[in-house]
Amino acid sequence: PAVNYVVPDSIFKIEVTLIATDEVGNSSQFSFEAIAKDTIAPQITSVHNNLALEATYQCEANLPNFRGEVMATDNFDKFSELYIQQSPAPFTFISGKENKVTMTVTDKAKNSSEIIFNVEVKDFISPILTCPQNQIINIESGKLEYTAAGNEFDPISIGDNCEIVSV
């Protein structure tokens, strides 16, 4: 091809022929293949901030699928040709404060970029406490206090989607 020829994106290799000619017309030529190699990783352009999810049963949350929120550009491949992976996988159950999510974007040449953000699982659900019904207590004459016997005023049941810390 001529000097400054731009190789189309669809062509990965092209044969180049160089011809040298002297002043009397003698010439020789040399040919070789030029192969385009993509070594530049895609650039993730979307922003992914840390976030909190509400804890459900057993103090867990279902990790959303964030792949549809990722935007990226690449020097060679179209966005539709990029592979977007999420770890942990979408719909994985997570719990606790530290759940690092890694989004990786890989192009056809296996160059990749990643971003990491945290998803915290927070408990917004109050515990359920079932107590005994109102009771009438007879205090002995002349006394100003009553000492409960055994577990007569203990809750009947306690429930929560996460751990009960104290009662």
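This tour moves through the nonpolar core and then the cysteines of a predicted model.

Residues are numbered from 1 along each chain as its sequence is written, and side-chain values use heavy atoms, with hydrogens and water left out. Because the model is predicted, local features need pLDDT of at least 70 and side-chain atom pairs count only at pLDDT 80 or more, while totals for chains, interfaces and linings use all residues.

Start by selecting Phe66, Ile94, Val101, Met103, Val105 and Val119, which touch the most other members among the 18 residues of the largest nonpolar core (a set of buried Ala, Val, Leu, Ile, Met, Phe, Trp, Tyr and Cys residues joined through side-chain atoms within 4.5 Å; buried means under 20% relative accessible area, exposed over 50% and partly exposed in between, with a 1.4 Å probe and protein chains only). Then colour strand E9 (100–106) and strand E10 (112–122), each of which supplies at least two residues of this core (strands are DSSP E runs of at least two residues, numbered from the N terminus).

Next, centre on Ile94, which, leaving aside neighbours within four places in sequence, is in contact (heavy atoms within 4.5 Å) with residues including Leu53, Cys59, Leu63 and Val119.

From Cys59, follow the disulfide (cysteine sulfur atoms within 2.5 Å) to Cys162, where the S to S distance is 1.8 Å. The link of Cys59 and Cys162 is right-handed, with 85 degrees about the S-S bond. Cys59 lies in the loop between strand E4 (51–54) and strand E5 (61–62) and Cys162 in the segment after strand E12 (157–159), so the pair ties together parts that are 103 residues apart in sequence. Cys59 is partly exposed at 23% relative accessible area, whereas Cys162 is buried at 14%.

Terms used:
Helix = DSSP H or I, 4+ residues; strand = E, 2+ residues; numbered from the N terminus.
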